[in-house]
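Try each one yourself before you read the solution.

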Amino acid sequence: MAEKPKLAMYWATSCGGCEISVVNLHERLLEVDAAMEFVFCPCLLDAKRADLEAMPDGSIALTLCNGAIRTSENEEMAHLLRRKSKTLVAFGSCSAAGCIPGLSNLSTAEEHFQTIYGSARGGTDAVRPTPIVQVPEGELHLPVFSGRVRTLSEVVDVDYSIPGCPPESGKVWEVLTLVLSGAPLPERGATLGGGTSSVCGQCARVKHDKRINRLRRIHEFVPDTEQCLLEQGVVCMGIATRDGCGALCPAVNMPCIGCYGPTEGGLDQGARMIAALGSVIDIAPLVQGSEDDRAASLGELDEQIPDLAGTFYKFSLPGSLLKGVRR
Amino acid sequence: MKRIKIDPVTRLEGHGKIEIFLDDDGNVAETYFQVPELRGFEQFCVGRHAEDMPVITNRICGVCPEAHHMASVKALDMLFGVDPPPAAKKVRELLYMAFYVTDHTTHFYALGGPDFIVGPDADPRERNILGVVRKVGVDIGREVIATRARNHDVIRMIGGRAVHPAAGVPGGWSKPVSEPERIVIEEAARRNVDFALFSLKIFHDVVLASPVYRQLIESGVYLHRTYSMGTVDARNAVNFYDGMIRVVDPDGAEFVRYHPREYAEHIEEHVESWSYMKFPFLRRIGWKGFVDGPESGVYAATPLTRLNAADRMATPGAQEHFEELFATMGGGTVNGRRRPIHHRLATHWARLVELLYAAERMLELATDPEITSPDVRIVPTTVKGVGIGSVEAPRGTLTHHYESDERGVLTKVNLIVGTTNNAAPIAMSVKRAAKELIRNGTVIEQGLLNRIEMAFRLYDPCFSCATHALPGEMPLTVSIRDPRGGVIRTLARGVPV
């Protein structure tokens with residue numbers, strides 16, 4: 001019997017939701033197990049880093065790496081997995097685009113420490129987690145908390161990415177069956193497990209090309225269940241977000257928040273969304289009004305959406321053109 | 001001084017790392033349980049729109065996003081000064097019960113159960129979900145998968161997504177439950193009740209019937225007399241979604257019963273320089289270090305402590321098993337209250353009692369005439385500026401505390417997550433197990449790994465992958481070092497050294 005292709009899965013700084021999405025393949029997980037040899041997966045298997053190091057370079061057919069790169073250990077593992085894997089996939093939003101923890105890049109490491117351990121929180125500023133600590137019995141070590149979250153492709157060459165927070169189980173299954181079929185994979189660098197259009201293409205809501213004169217936040221009103229959310233003034237990220245999920249959030253009357261990342265060829269999800277808003281917001285007051293009217297209109301927009309970064313870059317700040325680094 | 005380092009390769013929220021220092025006689029001088037990872041939500045959530053928090057804080061944990069989603073929407077109800085319609089509260093609780101069923105099921109069969117069903121001293125390669133299936137039958141493996149599947153379907157149906165639900169809004173829920181959905185949910189709940197009863201039967205037949213396991217559960221290695229915390233309803237029955245926080249002392253007397261919004265008056269967090277995780281304690285008693293007893297502010301918040309803190313279960317089947325648990329493991333009553341159970345391994349049994357409660361409560365809600373009401377949302381008209389919400393996460397009381405400006409933009413965020421409550425008890429359990437198993441320089445190799453692993457596995461901690469691992473094996477390596485840090489020898493589970 002021919003040797004089964006080897007499969008690995010790893011989590012860097014992550015929440016575990018990507019693993020749950022794979023476990024939610026349910027009984028199909030047994031088919032994966034039958035077709036591939038699962039050689040490394042800290043969540044599921046007992047194999048350790050030393051076992052991985054002992055494997056020949058390039059011997060793993062497919063590695064799904066989720067989680068963002070935050071610590072030196074994450075980075076070392078990324079390099080190791082790259083060396084051992086024929087195909088390395090950035091799996092899930094953290095790895096592919098930086099995801100919600102990427103909003104961390106708006107603050108410095110010191111600001112994190114002050115907020116979380118400082119006197120403001122009942123702690124004393126004197127005691128902070130420290131990389132090297134002397135205790136009576138000896139020395140203890142903690143990894144350094146990096147001031148910045150990075151995507152996998154910022155650290156190593158990545159063959160493909162699978163978007164989503166987490167990737168939908170059905171889409172993960174599509175990718176695995178494609179790999180198992182032996183059919184040629186798309187060109188290197190492609191996105192797997194997602195479409196080439198936007199979430200809007202899968203959304204059942206009706207569009208009327210209606211202009212809006214103000215933006216509304218989701219807690220401020222009950223949206224109509226049939227009509228396009230954007231045309232009701234909600235910043236629904238669907239138009240700037242890759243399809244693949246099946247437009248799940250708009251189906252429960254909530255806006256797309258962009259977890260599948262930018263659309264095909266779209267470098268910057270937030271910029272794409274802001275451009276889309278430009279085509280839907282009624283700009284008559286801006287164009288026709290006086291200087292004061294213009295200023296008032298822009299001021300109102302700012303009041304309507306006070307958190308621009310968290311609205312437009314909720315899932316893509318580290319991977320965006322801005323990167324969110326405070327220099 | 002020798003040191004032993006236990007570094008689980010895997011985790012959910014950062015590695016749990018254990019350093020054990022031995023004195024000159026080769027006995028345990030001190031242990032340090034370290035969490036070497038920080039993700040920073042309390043910092044980067046500042047500046048965000050408050051109403052985004054249910055979907056942002058989901059991403060703290062992909063295993064229990066439902067718990068964060070619920071604590072978050074409840075905090076938003078308060079922050080925006082709006083009381084959701086009764087149907088909305090029921091829909092939230094319904095989703096939450098489906099989540100509890102899948103979560104407790106995964107823990108019992110994939111993680112906690114293998115130690116008992118397959119055996120604490122069985123070959124580590126057998127002590128996993130596959131070993132469980134071999135011991136109790138392949139049909140059960142299928143039923144575990146089916147239970148996870150049907151409850152994740154319910155979570156998706158109600159919350160929009162199977163992982164990281166989306167439908168929570170201040171003042172209610174974004175979508176009502178339809179009658180066709182309700183029928184599917186009711187059927188799932190009925191099967192859940194059967195499955196929970198069946199799981200309790202396995203626990204009886206395999207674990208309680210065995211003198212070896214009984215002895216292990218009742219042994220001193222896992223005994224800690226701390227305060228117990230849990231959420232209770234008006235009749236002091238266990239509630240996962242809402243209620244008052246009740247803390248009982250090590251003898252079972254009520255120490256305090258407070259509304260979750262008063263948490264800061266009762267709970268404080270201690271910081272150590274050697275871990276990124278903070279150590280909560282009872283403020284009125286104070287931080288006295290990693291010690292148990294009534295003089296120490298250390299408390300635990302687990303399935304077992306929830307039962308300790310309550311007077312009863314709110315559903316009939318769960319009540320029956322609750323009484324049996326206390327009749328078997330408890331120490332009678334004092335001043336009319338049951339004495340708490342402090343044998344921490346009984347947490348696994350308590351988890352199954354909770355599994356049955358969640359299933360029964362899910363069925364009650366699924367057959368409630370109001371559950372399909374379209375009236376699931378009230379639009380808030382004000383911003384109050386402070387919101388505190390709390391639920392019982394499977395791993396302990398979860399509190400979200402937000403403050404905002406008048407636009408609903410967050411200015412302060414404090415989170416006390418389930419596992420964090422147990423940071424000090426876990427450290428203490430690890431130390432106790434190490435002291436029992438390392439004597440005069442003799443390390444009981446496999447025993448050390450197993451028993452220390454069991455010491456923190458019973459808390460179902462969220463920083464360890466063991467939490468929800470399939471097949472549930474937590475890889476451990478132990479390095480024994482000389483005083484200069486050189487490795488004398490290395491032990492690793494299941495790997496010949």
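**Exercise 1.** Which residue in strand 15 of chain B is the bridge partner of Val391(B)?

Solution. Keep in mind that you're looking at a predicted model. Start at Val391(B) and step across to strand 15 of chain B: the bridge partner there is Leu398(B). Now zoom out to the two strands. Strand 14 of chain B and strand 15 (residues 396-404) of chain B run antiparallel and are joined by 8 bridges.

**Exercise 2.** Work out the strand order of the sheet around that pair, and find its edges.

Solution. First, the order: the sheet is open, with 3 strands arranged 14-15-16 in chain B, and the pairing is antiparallel. In general, strands in a sheet pair through backbone hydrogen bonds. Next, the edges: strand 14 (386-393) and strand 16 (410-416) of chain B each have a single partner strand, so each has one side with no neighbour in the sheet. From one strand to the next, the twist averages 10°. Finally, look for what packs on this sheet. That's helix 3 (residues 65-79) of chain B, which touches strand 14 and strand 15 of chain B. The direction of helix 3 makes about 150° with that of strand 14 of chain B.

**Exercise 3.** Describe how helix 4 and helix 7 of chain B pack: are they roughly parallel or roughly antiparallel?

Solution. Begin with the geometry. The axes of helix 4 (residues 86-117) and helix 7 (residues 179-208) of chain B come within 11 Å and cross at roughly 25°. Angles under 35 degrees count as roughly parallel, so helix 4 of chain B is roughly parallel to helix 7 of chain B. The crossing is left-handed. Then check the residues: helix 4 of chain B brings Leu94(B), Val101(B), Phe108(B), Phe116(B) and Ile117(B). Sort the whole contact by class and you get 9 nonpolar, 2 polar and no charged residues.

**Exercise 4.** Step back to chain B overall: how many helices and strands are there?

Solution. Chain B has 15 helices and 20 strands. Of its 497 residues, 64% count as buried. Now take the contacts in chain B with a separation of 6 or more: residues 24 or more positions apart account for 70% of them.

**Exercise 5.** Say what each chain puts into the contact between chain A and chain B.

Solution. Count residues by chain: 62 come from chain A and 70 from chain B. On chain A's side, the elements supplying at least two residues each include helix 1 (17-23) and strand 5 (132-135). By class, that side has 34 nonpolar, 17 polar and 11 charged residues.

Notes: Residues numbered from 1 in each chain as written. Chains lettered and ligands numbered in written order. Predicted model: local features only at pLDDT ≥ 70, side-chain atom pairs only at ≥ 80, totals over all residues. Contact = placed C-beta atoms within 7 Å. Helix = DSSP H or I, 4+ residues; strand = E, 2+ residues; numbered from the N terminus. Nonpolar A, V, L, I, M, F, W, Y, C, P; charged D, E, K, R; others polar. Axes fitted to C-alpha atoms, helices over the stretch in contact; angles between N-to-C directions. Parallel < 35°, antiparallel > 145°, perpendicular 65-115°, else oblique. Left-handed = near helix turned anticlockwise from the far one by under 90°. Buried ≥ 20, exposed ≤ 12 C-beta atoms within 10 Å, placed from the backbone. Pairing = 2+ DSSP bridges.
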